[in-house]
Amino acid sequence: MGAHGVKAVFFDLDNTLVDTAAAGRRAIEEGLSRLLQVIKALQSKHHYGEGEARLICDKVQAKLLKECHDPAKMCITDLRISHWEEAIQETTGGEANRHLAAECYFLWKTTRLQHLTLSEDTRGMLTELRKGLHLLLLTNGDKQTQREKIEACGCQPYFDAIVVGGEQKEEKPAPSIFHYCCDLLGVQPAECVMVGDSLDTDIQGGLNAGLQATVWLNKAMTTPVDISPVPHYIISSVLDLPAVLQKMEHKINSKLGTDYTASGNE
């Protein structure tokens, strides 16, 4: 498989190839009882219940969504332990408890990594695509965190190269990281397709870098009227990508046929 003119496909990781959000939610749900035990063990005099534990988890999730990490100032582990520390203190009052926060964080992290999987269908699709195309994994984020996710889901064998934004000078949507990916594979931007769930980083980045096409993974398929930036294609599952590539191939073949006919008539 492979559309004429397309030599490489760049894939986002989080919530594109692996459902990071769902893994995080499952980590919270499965960790509630254990979290409650940890809280009771370390602060038994307060006798926190499930309601407090759930509220702490909700607060942590909210902090993760708003997270802004500068690796030059703080490592990701310390930052995320701080999220738990703040959430516990905001919920229960009293003095901060770094030890409790660290236990909660590592529990959540371990459980989440256990649920990060590359589905069999996705593995099969990548295997087939790689027979005719170069595949590259391009993910933003802290290098330690992203490398742990990559290791956990075992996706390395399916890609010709893996690029983590936290290891580069700039992350998506900066054109430089896309051009770096092109150089790694020995291809031109106009020969590449970007697939991802984020309009702001994946789609805007692909457009900024002059890629041939951008494919937005919109699982909800409730597209806003004034969507911006505008992707070339929209899919509801990453497994729909081969059909998009076939559509691109058909368009290119049709155009080549038209150009050939026009040339013959001159």
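Let's start with the largest nonpolar core, which has 34 residues. A nonpolar core here is a set of buried Ala, Val, Leu, Ile, Met, Phe, Trp, Tyr and Cys residues joined through side-chain atoms within 4.5 Å. Buried means under 20% relative accessible area, with a 1.4 Å probe and protein chains only. The residues with the most contacts inside this core are Val-9, Phe-11, Leu-137, Phe-159, Val-193 and Leu-241. Helix H9, residues 241-265, gives the largest share of the core, 4 residues.

A word on the source. This is a predicted model, where local features need pLDDT of at least 70, side-chain atom pairs count only at pLDDT 80 or more, and totals for chains, interfaces and linings use all residues. Residues are numbered from 1 along each chain as its sequence is written, and side-chain values use heavy atoms, with hydrogens and water left out.

Take Phe-159. Leaving aside neighbours within four places in sequence, Phe-159 is in contact (heavy atoms within 4.5 Å) with Phe-11, Leu-17, Leu-126, Arg-130, Leu-135, Leu-136 and Leu-137.

Now the sheet. It is open, has 6 strands, and pairs in parallel, in the order S3-S2-S1-S4-S5-S6. Strands pair if DSSP finds at least two bridges between them. Helices (H or I, at least four residues) and strands (E, at least two) are DSSP runs, numbered from the N terminus. S3, residues 161-164, and S6 are the edges; each has a single partner strand, so one side of each lacks a neighbour in the sheet. On average, neighbouring strands are turned by 20 degrees against each other, direction ignored. Axes are lines fitted to C-alpha atoms, for helices over the stretch in contact, and angles run from 0 to 180 degrees between N-to-C directions.

Next, S5, residues 213-217. Buried or exposed? Mostly covered: 5 of its 5 residues are buried. Ala-213, Val-215 and Leu-217 point one way, Thr-214 and Trp-216 the other. In general, side chains in a regular strand alternate between the two faces of the sheet.

S5 has S4, residues 192-196, on one side, joined by 4 bridges and running parallel. Met-194 stands opposite Thr-214. From S4 the chain crosses through helix H8, residues 199-208, to S5, and this β-α-β crossover is right-handed. That means a clockwise path from the first strand over the helix to the second, with the strands pointing away from the viewer. H8 lies across S4 and S5, at about 170 degrees to S5.

S5 also pairs with S6, residues 233-235, through 3 bridges, again parallel. Leu-217 has Ile-235 as its bridge partner there.

Conventions. Buried < 20%, exposed > 50% of the residue type's maximum accessible area, 1.4 Å probe, protein only.
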